[in-house]
Amino acid sequence: MAKGLQGFSWTMLLLLCAIQELGTWAMHTAVEDPGLGQPADPALLAGGRVKRGWVWNQFFVVEEYTGTEPLYVGKIHSDSDEGDGSIKYTISGEGAGTIFLIDEITGDIHATERLDREQKTFYTLRAQARDRQTDQLLEPESEFIIKVQDINDSEPRFLEGPYIGSVAELSPVGTSVMQVMASDADDPTYGSSARVVYSVLEGEQHFTVDSKTGVIRTAVADLDRETQDRYEVVIRATDMAGQLGGLSGSTTVTIVITDVNDNPPRFPQKMYQFSIVETAPVGTAIGRVKAEDSDVGENTDMTYQVKDEEGVEMFRVTTDSNTQEAIITVQKPLDYESKRVHTVVVEALNKFVDPRFVDLGTFRDQTIVRVSVLDVDEPPEFRPTSHLMEVQEDAHVGSVVGVVTALDPDTANHPVRYAIDRSTDTERIFDIDANTGAIVTGKVLDRETAGWHNITVLAMEADNHSQVSRASLRIRILDVNDNPPELATPYEAAVCEDTKPGQLIQTISVVDRDEPQSGHRFYFTLAPEANNHFSLLDVQDNTAAVHTQRMGFNRQEQDVYLLPILVVDSGPPALSSTGTLTIRICSCDSDGAIQSCNSTAYVVSATLSPGALIALLVCILILVVLVLLILTLKRHHKSHLTSEDDEDMRDNVIKYNDEGGGEQDTEAYDMSALRSLYDFSEIKGGDGGGGPGEGPLCGNPASELHALPQWVQSPDMDFSVFRDYICRKVEQADEDLSVPPYDSFQTYAFEGLDSPVPSLSSINTWSTGSEQDFSYLGGWGPRFRQLAALYAGRRGEEDGEES
């Protein structure tokens, strides 16, 4: 050490204790800091940072120490320590005071617990040298590391297991299957504790493993999935590079052998037998066959086909995609009488073929399928199955139209009987001979009514009517010339009065319900009774043209000409009919346009379009409706006024025939209604002359005001009010012709002379007006206001007369 160095320095002694055979050694390192010239003054240590240039070596302690005494790790020492115990050594940090203890006087560090490098590889601590008296740092705190020294105490482990790999069957030697990897927790930087090598413990006959990489490969080329589809291989990993004393671990690797298409399909049987009835419809499944294939997955997908020509014609083979079975179905109708046994060659082949294994042989196989046809009792068969017959429409009833034939296909060949399905011939136009099958007419035919007849003929076994077959029969009715030609329409034509000879009037055509095979040909001519004013020209195309033959016509002399036209067809036999062409003579303008004819309908139809005619009719209809509406409203208004102004007095008189509650009965009738029947303003405005019984029946109403009855039965009783009302109604009835006359008028003022019992009505009372006071009527309310006015006026008149 340099004697001129001020301060102090640390001295570290490293003691490695591995095993006793390795011995012990000490390491002492002292590094001088050339810039360290500060004294070891505590004030300086506390007031500023002292730079140090120490490079601490690591302390090493062996793991998994199993001794009974604490394990010596190392020693820290200060150069200023003179051995007098004045310096106290302390440590702090990871494990200080628990795992690691230090002797305060000597600075020896010991490990008190068993250490495991796989759990913690090193510990970081700090060392201090303090004055024992003042407990102050003699120099700054310094950090050091205690590293746990590894020993081979961890075996290799396969952490990613279990391992499952796969390889295709028949793979060549050395084909890589998969890779395994083991992990060793020991220190890979120290010794060979973590160096792992691989080997195969079980399954080395079929697989190998790379000792360094752990890649598993095939050892043989004849791996066959059909023989063994999986292998359990045990792989071992050993540390210490496989040397003696190394630790090892193992894992099991499952290797699955995947399939390749190396096996062709094979039928378990070389022959299959099926049976089916001869009446089975097309598409009926006969049976199923299946070829076996040792492969799996899509390598077992197969297709089937029929190889022989006979089988291809009669049968069809399809593949069930779910079960990989061949389904044999009927492709054409079978017939026991024609062939009882059919032989079919069915071939199965793989759908997907691996070209690498083509040299192993053909990937297909064949088998024979025998199909036996079973006999059944079949219905008769029509030959042919459908028929077309023709018959003239003038054929007599019972004429033979044709013959249908049906035979029993069975070997017994039973006799056949025939019939017609009457649902197809409800009118029974045709009949059939039950034994021979001859079709005859049952009614008179008419081609123009029905030109074709479709009926169904039945054929059945004579002794078994349940065996029935049907055939369609189409019968065509051939035409004969039995309908004369007719004009196509009721022709009408118009001719101007000033027409010239040779002018075309009308082109006519005809119709004929017959349909001759050679087509229609009609001939036209005028009937003998036709006049010579017109001519007819046959155009030779089944039409004819009508022309004028005279110069002008006079509409005043004759305005309509009826021209008979004779039409003859070509037969045979030739038939004819006579039609009439109506020709009207019309006035025309200078351009030849028709102005008017004698027929208004014709003129309108010739000059107005259908739309204009409809519009005209609509306008007329609207006008009629308006007129009717106005008349109805006027009649209703007049009737309303009459009912308001002039009510039927007859009803009022009849109403007062009720001898109910008397004058005190205010609910019996409203006297205001009677009072309103005439205008009292007119009465009050007249003079008061005229006594009772004076003047004619319909006198001046004003003069009758004071003749109001006092309801006293006396010779001079005044009925002027009623007389006035009746006169008014008579005048109104005479003036209004729309009012019907009344049937009767009933008078209730006089009850006769011979009645033994006097009347109870107030009308027949013998009391005079002076004996009664009607002033109380004014207090009865509005309903009796008019009645009170009447009696009050009468009482005032009487008082005047008395005075």
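Which backbone oxygen lies 2.5 Å from a polar atom of the side chain of Ser 469? Have a look at the model, then read on.

1. **What you are looking at.** This is a predicted model, where local features need pLDDT of at least 70 and side-chain atom pairs count only at pLDDT 80 or more, while totals for chains, interfaces and linings use all residues. Residues are numbered from 1 along each chain as its sequence is written, and side-chain values use heavy atoms, with hydrogens and water left out.

2. **Ser 469.** The oxygen in the opening question belongs to the backbone of Pro 380. For reference, a polar contact is a pair of N or O atoms within 3.5 Å; within protein, one must be able to donate a hydrogen and the other to accept it, and residues adjacent in sequence count only if both atoms are side-chain atoms. Ser 469 sits in strand β32 (residues 464-478). Helices (H or I, at least four residues) and strands (E, at least two) are DSSP runs, numbered from the N terminus. Ser 469 counts as buried because its relative accessibility is 11%; buried means under 20% relative accessible area, exposed over 50%, and partly exposed in between (1.4 Å probe, protein chains only). Leaving out residues up to four places away in sequence, Ser 469 touches several residues, including Pro 379, Glu 381, Phe 382 and Val 457. Contact here means heavy atoms within 4.5 Å.

3. **The whole chain.** You'll find 9 helices and 41 strands in the protein chain. Of its 803 residues, 36% count as buried. Among contacts with a separation of 6 or more, 66% are between residues 24 or more positions apart.

4. **Nonpolar cores.** A nonpolar core is a set of buried Ala, Val, Leu, Ile, Met, Phe, Trp, Tyr and Cys residues joined through side-chain atoms within 4.5 Å. The largest one has 25 residues, and Phe 267, Ile 286, Tyr 304, Phe 315, Val 346 and Val 369 touch the most other members. Elements giving two or more residues to this core include β17 (271-277), β19 (302-306) and β22 (341-350).

5. Two strands pair if DSSP finds at least two bridges between them, and β18 and β21 have 4. Ala 285 stands opposite Thr 329 in β21.

6. Most residues other than glycine have a negative phi, and most peptide bonds are trans. Against that background, Asp 135 has a positive phi of about 60°, and Gln 324 also has a positive phi of about 60°. Asp 135 lies in the loop between β8 (122-131) and β9 (142-149) and is partly exposed, because its relative accessibility is 38%. Gln 324, in the loop between β20 and β21, is buried at 12%. As for cis bonds, one runs from Arg 383 to Pro 384, with omega near -5°, and another joins Pro 572 and Pro 573, with omega about -15°. Pro 384 is in the loop between β24 (381-382) and β25 (386-392), whereas Pro 573 is in the loop between β39 (560-568) and β40 (576-588).
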